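Please look over the model below before reading on.

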Amino acid sequence: MNQPIESLLGTQLPLPGLAAWCARWADRTVAHQCYSNWLTPAQVQQTVTRLALAAESLQQHKLQPVRLCWVFEHLRLHLAIRPDGACLALFAENRA
């Protein structure tokens with residue numbers, strides 16, 4: 001785990017409307033925190049793992065994603081990706 005990043009996120013979050021966050025390092029270790037009762041840690045981890053793999057597959061088409069956003073009925077998912085494969089995902093409530 002990357003303790004400085006976890007400490008930073010722990011002191012700065014939660015923000016209003018933030019349902020969860022998940023950090024995935026280049027070695028594929030994961031840290032996360034859920035702030036809502038409708039997202040489980042397993043859902044957050046699985047979602048980030050699969051979306052990070054989807055982002056990696058874009059590289060086969062010569063696309064280098066840095067930031068991606070998915071919008072669902074009740075959730076917006078923001079994913080920031082570094083060149084080494086580490087990423088940070090923010091799960092935000094999709095509300096006005």
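**Nonpolar core and overall picture**

Of the 18 residues in the largest nonpolar core, V44 and F91 are the ones that touch the most other members; such a core is a set of buried Ala, Val, Leu, Ile, Met, Phe, Trp, Tyr and Cys residues joined through side-chain atoms within 4.5 Å, where buried means under 20% relative accessible area, exposed means over 50% and partly exposed lies in between, with a 1.4 Å probe and protein chains only. At least two residues of this core come from each of strand 1 (18-24), strand 2 (30-34), helix 2 (41-58), strand 4 (75-81) and strand 5 (87-93), and helix 2 gives the most, with five residues. This is a predicted model, in which local features need pLDDT of at least 70 and side-chain atom pairs count only at pLDDT 80 or more, while totals for chains, interfaces and linings use all residues. Residues are numbered from 1 along each chain as its sequence is written, and side-chain values use heavy atoms, with hydrogens and water left out.

**Fold and strand pairing**

- The protein chain has two helices and five strands, where helices (H or I, at least four residues) and strands (E, at least two) are DSSP runs numbered from the N terminus.
- Read from the N terminus, the order of these elements is α-β-β-α-β-β-β.
- Strand 1 and strand 2 pair in the antiparallel sense over five bridges, pairing being assigned if DSSP finds at least two bridges between two strands.
- W21 has Q33 of strand 2 as its bridge partner, and in the hairpin of these two strands, with five residues between them, R28 takes a positive phi near 75 degrees.

**Burial and contacts**

- Of the 96 residues in the protein chain, 31% are buried.
- Among contacts (heavy atoms within 4.5 Å) between residues at least 6 apart in sequence, 41% join residues at least 24 apart.

**Cysteines**

- With a disulfide taken as a pair of cysteine sulfur atoms within 2.5 Å, the count comes to zero.
- C34 is in no disulfide, and the nearest cysteine sulfur, that of C22, is 8.5 Å away.
- C34 counts as buried because its relative accessible area is 19%, whereas C69, at 40% relative accessibility, counts as partly exposed.

**Confidence**

- The mean pLDDT (the predictor's confidence in each residue, from 0 to 100) of the protein chain is 85, and 85% of its residues reach 70 or more.
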